[in-house]
Structure formats: structure tokens, C-alpha cells
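I opened this model to look up its pockets, its salt bridges and its nonpolar cores. My entries follow in that order.

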Amino acid sequence: MLFLAHLHCLHEMDQCLRFLLLLLVGTHVLCQQEEVCSKSVINSCSDCIRSGPYCVWCKQLNFTKAGEQEAARCDTQAQLIERGCKKEEIISPKNNLTFVKKDALSVSFNQQEPVQMSPQKISLRLRPGLSTTFSVSFKRVQGYPVDLYYLMDLSYSMKDDLKNVKELGKDLFAALKKITEHAQIGFGAFVDKTVLPYTNTNKEKLQKPCDENDQQCQAAFGYRHVLSMTPREDEFKRKVTEQFISGNLDSPEGSLDAMMQAAVCGDKIGWRNSSTRLIVLTTDAGFHMAGDGKLAGILEPNDEHCYVKDNLYTKSSELDYPSVGQLAMQLEKNNIQPIFAVTKNVEDVYKQLSKMIPKSEVGVLSHDSTNVVTLIDTAYKRLSSKVTVTHDNLPDNVRVFYTPRCTSPGTAGDSEGVCDNVPVGQEISFDVTVTADSCMKDKSFTIRPLGIKDTLTVTISTNCECQCEEPNNNSHPHCKGKGRVNCGICSCNEGFVGQFCECSIGNKDESSMRASCQRQNGTDCEGRGDCVCGRCQCHITESGSSYHGDFCECDDEHCEKFQNKLCGGNGKCNCGRCECFPGYEGSACQCKVSEEGCRTLNNTVCFGRGSCKCNRCECKEGYQRPRCQTCLGCPDPCQIKLNCIECLGFDLGPLKKNCSVACSKSIFSEMVDQFTISSKQCQQKDSEGCWIKFKLDQLIGEDNYKAEILNHRDCPEPPSVTAIIAGSIASVALIGILLLMLIKLFIYMKDLKEFRKFENEKKKSKWAEADNPLFQNATTTVTNPTFTGE
């Protein structure tokens, strides 16, 4: 029993192992990349190699059948072997990697140029589209030199900080000595451009921009280089002690101007060739950038050149501030890593700047910069422990992908590879995958870790040509003794053409013979055959049939299908069109010949206004399915048939003289007293202005009508001429009388107004009762003095 139980357990274990093995094999098959050769126009082995990474060429003689195109030699290796090509006859260029220079990584720094990345030079010969992968190793050397350039903002707000910096020399050197014995330090200062509106340009304020009570204040300046790189602590302390505070007007400072000059003026700063280069920027304000110079009328862009003379930036007032992109490029180019030691109020600003500058760090200063040494030490450790590998000058159509191999790898990507928390002396590596997508020759690019001088130069060439070792025999038997064999196909001698050089062109040139094999697109035999002696010899299709036609333009495989059958199984495909068997019709022979679906109630086919195809009416333009009875887009027959109705019914109108010729064939008319047709009634004016009423019924066909015309026309009575003339005269007379009365009324109203005015003036006047001394009576009285009255 125990023995049987043991056998049963072994049997179950065996089944489980088989299941796991099958699962692993299936997973492996699914994960394998399918090799596909997407061919286009293939005329030679080189065309095949350029078509795709998995396209290979069979150079075996007589591999292609008679009439078969030479492009059949191009396919995947598995397909060619299956079709009978021997493996040794297959041409498939492979990728080739050569290490031109691969020095071993250095262990420690010993006053010589250390090797921190290996290899240093690689030569790649790639096949287009086929990737190759190599490994790049990196190890940071113990005791690698450090150059630290302390770049300080000397605007007035940094007054307290300057006092502490003057005492930092000992602590700074002590911190650097813990990192390496080969440390150097330099010092530079900046404020801002000495032009309005950044700085007060008053002569006294330029000389002393600080408060009046502050006696130790130096003149305003843009950027000043104070101390070149030195390993001497006393020299650093002496130079920094000589510095005094300065000042300007606005809050942002010329930080980017100063950093740009410190980066490009390497000989003046004293950067060493083999060192970790650091710029420590201390400030409590933001920064001006490209474009801000327009405020001061400075329009010339920063040209990224060094203009430090007598330790001063001489073109501060002539060139605009650099852009962030310009600065980032120069820092990367010169392997300089910036540390931004800034106050809390501008921390976010410099963190955003740090994101745009690779290999940079931001630390927060205390209010008087007492923590700057600790800040530098922490930032350096973060920078040195993070290794970032990237590339420069990548040629077009070349792709690079980085996969880090370390304990704290970053995400694999096509722009850079990152390893974090890498201690000094630990070796790490990156798998670099390079792919060339097109043919090229001797193109180069560099791979390097950011902030480190070491580089790897990669030179790329491509395998786009077939190297076929063929005998130099210009009379090869395979080519009928009229040419030589090149990668399995014949290269004919002058005067001969054809697949096997069997055709002599005689007095004709090859171009004229080829022209007789070309249609409009200029391709020989539509790319489906070979031009042999001026005539197309068509190739065989994939299914075994042949192309045909004068230019091999026809095949019998690409006709319309119905129910997944060529020509519905009811016809024959000929040059892309279906030729239907008797009893079938349609573009894919999908319909039986029948008119049942097209018959109308009066036993016509589509009312004569269409044809019956596939048992459905195909109506003429404007007529509607299913029977082509109505026409929505046609003109109104009431209007277009009016002239015929007028001449047929009343012998009037423009068609009166040839009415029978113009109208009798299209209209059968009848004069009636009452309509019997149920169609719409037409009411139109004839040439004499009378109203004609009629109805039209469209018969079989397009222009065929039955018309019923009412016998009576409605003609309006003519107007009375006498009444019109009398009415006109009376109207004119009446209007004239009314106008005269109106004018008389206006005159009367005006006179009445003047008279009333006169009366009012008369009442207001006062007449004097005394005699006028100037008045003389008209009569004279004479008295006789002798007359006594008796």
C-alpha cells in the first residue's frame, strides 16, 4: 500500500511539472517578438536590407521561378528556408560592436587624470531598425578634487550675511577637506546692472549706494571676480575681508549675469580640468532674466562669452541678462553644478529654477547665513550621490534608451539614466540601447554623466549594403554568358537586358525599350513584371496565377466579394471586374436577374424613369425610390408645359405656329368642362393675360403627360378710357382748388395776426394834449382895426 501511494504521489508531481513546463514554454512563445518583413519596392539585395530589420536576402541561384519577380528573394529567414533557400545562401547583416578604448576604472585620485567611466570609445555598425545594447560602468573616485566658487549677493539687504561669510573660511575648508584633500575655493560678488531702473545713476549714489550712515559701502557694480581658485585658507579670508556691501534699487538682482560669467570665464576663475566644479550662489532676492534688459534700453541678447577685464564684467550695461536655457546649457557644457543657498522668501523661485538646470540643488539660508557651510555639505552629498547619464549631439534618426543597474535605479527612459544614493567608490552601470532608423555613415554622439568630465564617444555606421562574395565572371552561365551574378541575380553586360540577360537591345537604347513597358506612372510593368526586350513578362501572384495585360496591370484576384466569395461565386474575375454568369448581375454578381421588385401597378418597370438592377430601381436623377414615380428636384410641370397647353387648347401663344411638332409627342391633351384627373390643378396666365386652368398626369417615361384643359378662360374686362380721363381731370381740378384755398387761408391768417398786433400797439400809445409850437394852422384870420362892430 505504501508503495502504491508513493507511486501515486510521484505521478501527480510529474503531471504538475509538465503543466508548469508547458506554461513556461507558452509564455516564452507569446513574449517572443514576431519577425515580420514589410517589403515595398525591392529591386536588389540592398533594397531588401533597408526594408526592415528582419528582412533577409536569398542569393541562391534559380531560387525564383520563371516569371517570378526577384523581390521573392526578400523575406524573413524562416520563410525563405521554408521555401527552399539554404541557410548558407542567406544574406543577413548583423550588428557589430567594437570597443575602441576601454580603460579600467580608477580606484583613487593620484594626481593623474582618473577614469570614472568605461568604456571611453565605441564603434557601432548597426543594421537599420535593429537595436544593440552595451553596458557603461561608472565609479566615483575616492578623493576626487573639488573646485568651489562662492558667488555672493552684495546688495544692501545682505549686510549681516557678509559679516558671517568673512569668518567662514576656516569652516568651509574644513568641510571640503572631509570630502577631498584636493579642494580649492574662489570668491565672486554681484549686485545688478548699473543703469536705471536697476541702480540709481546719480553720481553720488553710484559711488555710495548705501545709507548715509553706512561708511563702509563700495560703488555699485554688476559682477566682480574677487578671488581665483586657491587652496589657501588665509588668502580666501583676506580677499573676502576686503569686500564691502553695495546696493541697488529694485529687488531682483543680476544673479544669472554673474553665474554666466563664472561659467564661461574658466581661465580667470581657475577651474581645473579634473575636478567637481561647484558654484554656491547666496542671495535673498530673485533674479533678472532675458528680456528684462529692455527696461533699461538694453536690446542686444547675451552672447554667452567672457567679458571679465580687471576682474569686472565690462559689458554688464551693454548685453541683456542670459535666459535660463542659455545658463543651463553653459553650466552643463562646463560640468558645473550650482548650489542655490537662498533665504526662505525666495526658496520656491529657486526650486523652480533648479528644475530647469540639471544637477543643481537648493538650500535655505538662515537670516544671517550662519548655516551656509552645513547647507553646502548637505547639497554636495545629494549632488555627488546622484549619477545621471545622458547624451549630446544625437544624430537624426538615432534612438537611445537607458536602463540603470544599481541599488536605487530611476525610471528607464530615452533621455537619461539615473542612479540615486550611490556612495563614493561603488561601481554602477547603465545598459544603453542604440537603434539607427535609417542608413548613415560615421555619425558620432557622446554619452556622459552630468557634472563629470568623463565621456563616451559612440560612432555609428550602418549595414545597408550587401557584401556578396561572387566570382568576377562577366560571362556567367546563369546569365546566358552575357553578364555576371550579383547576390543571386544577373547584372547584364552592356547591350543585354532581361532576367537572365537573354535579350539583346541591338540598335535601341535600354531607356527606349523600357519606355514601351511603362504606363503613366513611369514604373516598369506596373511593378508586377519584368521588361524583357521591350515587352512585359508578368510575374506570378502569391496564389499561383499570373498578372496579365500589356503592362501587367490586370490580375484576377482583386474583384469585389460577396459573402466572402470572389464575385459572389456567380461570376469570373477579369482584370479587377466581375463578369457574371448568365442569370446574375451586380458589381459582385450578387443578384439574380429579375424585375419583380421593379414592377409597378400598371405593369411597367420603374415607370420608365429608371432601370432595374439587382431587382431594385436605379432611378434617373431627381426621381425617388422605390419605383421612380415622383421627382422632388424636377421643375414644376405647370410652368414648363404652359406654352404647350396654350397652343393645344386655344391655338395661342409662342408655340402657335409649330404646336404639333413641339408638343404633340409629349402631351396628350383633352378639352373638358370638368376635371376627371385627381392630380394637382394648375392655374397659369397665358400670353393674353387670361387665366388657364388645367391638370397634368405624368404617364410612363420622363416627358410624357396627359392633360385636361378647361374650355373657359378667365379673362379680365379692359378698363374704361373715358372714365380714366374724366377722373384724372376731376382729380387735378380738385387738387388745384384745394391748394388755392389753402394758400388763401394762410394769407388770411397772416393778415389777421398783423391787424391784431396793430390794434394792441395802438391801445398802448399815450397822446399829449399841449399845442405843438411848431404847428401852424392852415387858415389865417385878419381883423379890421377900424371896424367897430356896428
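**Entry 1: pockets**

I began with the second largest pocket, whose lining has 13 nonpolar, five polar and seven charged residues. I sorted by class: Ala, Val, Leu, Ile, Met, Phe, Trp, Tyr, Cys and Pro are nonpolar, Asp, Glu, Lys and Arg are charged, and the others, Gly among them, are polar. This pocket holds about 590 Å³ of space. Its lining has 25 residues, and Q629, C631, P637, Q698 and Y705 are the closest to its centre. Helix 14 (637-640) and strand 38 (691-698) each give two or more residues to that lining.

I noted the source before going on. This is a predicted model, with residues numbered from 1 along each chain as its sequence is written. Local features need pLDDT of at least 70 and side-chain atom pairs count only at pLDDT 80 or more, while totals for chains, interfaces and linings use all residues, and side-chain values use heavy atoms, with hydrogens and water left out.

A pocket is an open set of points on a 1 Å grid over the protein atoms alone, where a 1.4 Å probe fits, with protein on both sides within 12 Å along at least five of seven lines; lining residues have an atom within 4 Å of a point. Points are joined across faces, edges and corners, and the volume is the space filled by probe spheres set on them. Helices (H or I, at least four residues) and strands (E, at least two) are DSSP runs, numbered from the N terminus.

How much space lies in the largest pocket? I read about 1,400 Å³. It is lined by 44 residues, and E68, Q69, E70, A71 and H539 lie nearest its centre. Among the elements giving two or more residues to this lining are strand 23 (489-492) and helix 13 (510-515). The lining of the largest pocket divides into 16 nonpolar, 16 polar and 12 charged residues.

**Entry 2: salt bridges**

I counted 24 salt bridges in the whole structure. Each is a side-chain nitrogen of Lys or Arg within 4 Å of a carboxyl oxygen of Asp or Glu.

I looked at K351 and E347, which meet at 3.0 Å, N to O. They sit four residues apart in helix 11 (residues 347-356), so about one helical turn separates them. Is E347 buried or exposed? E347 is buried, at 11% relative accessible area, whereas K351 is partly exposed at 38%. Buried means under 20%, exposed over 50%, and partly exposed in between (1.4 Å probe, protein chains only).

R382 and E361 pair at 2.7 Å, N to O. This pair links distant parts of the chain, 21 residues apart: R382 is in helix 12 (residues 372-385), E361 in strand 15 (residues 361-364). R382 is partly exposed at 35%, and E361 is buried at 18%.

K381 pairs with D377, with the closest N and O atoms 3.4 Å apart. These two are four residues apart in helix 12, so about one helical turn separates them. D377 is partly exposed at 23%. I also found R232, D234 and E235 joined into one network by salt bridges that share partners.

**Entry 3: cores**

The largest nonpolar core has 38 residues, and Y150 and F187 have the most contacts inside it. Such a core is a set of buried Ala, Val, Leu, Ile, Met, Phe, Trp, Tyr and Cys residues joined through side-chain atoms within 4.5 Å. Helix 12 gives the most to this core, with seven residues.

I checked Y150 and skipped residues up to four places away in sequence; its contacts (heavy atoms within 4.5 Å) include V165, L168, F187 and I376. A second, separate core has 33 residues, including M229, Y307, V346 and Y350.
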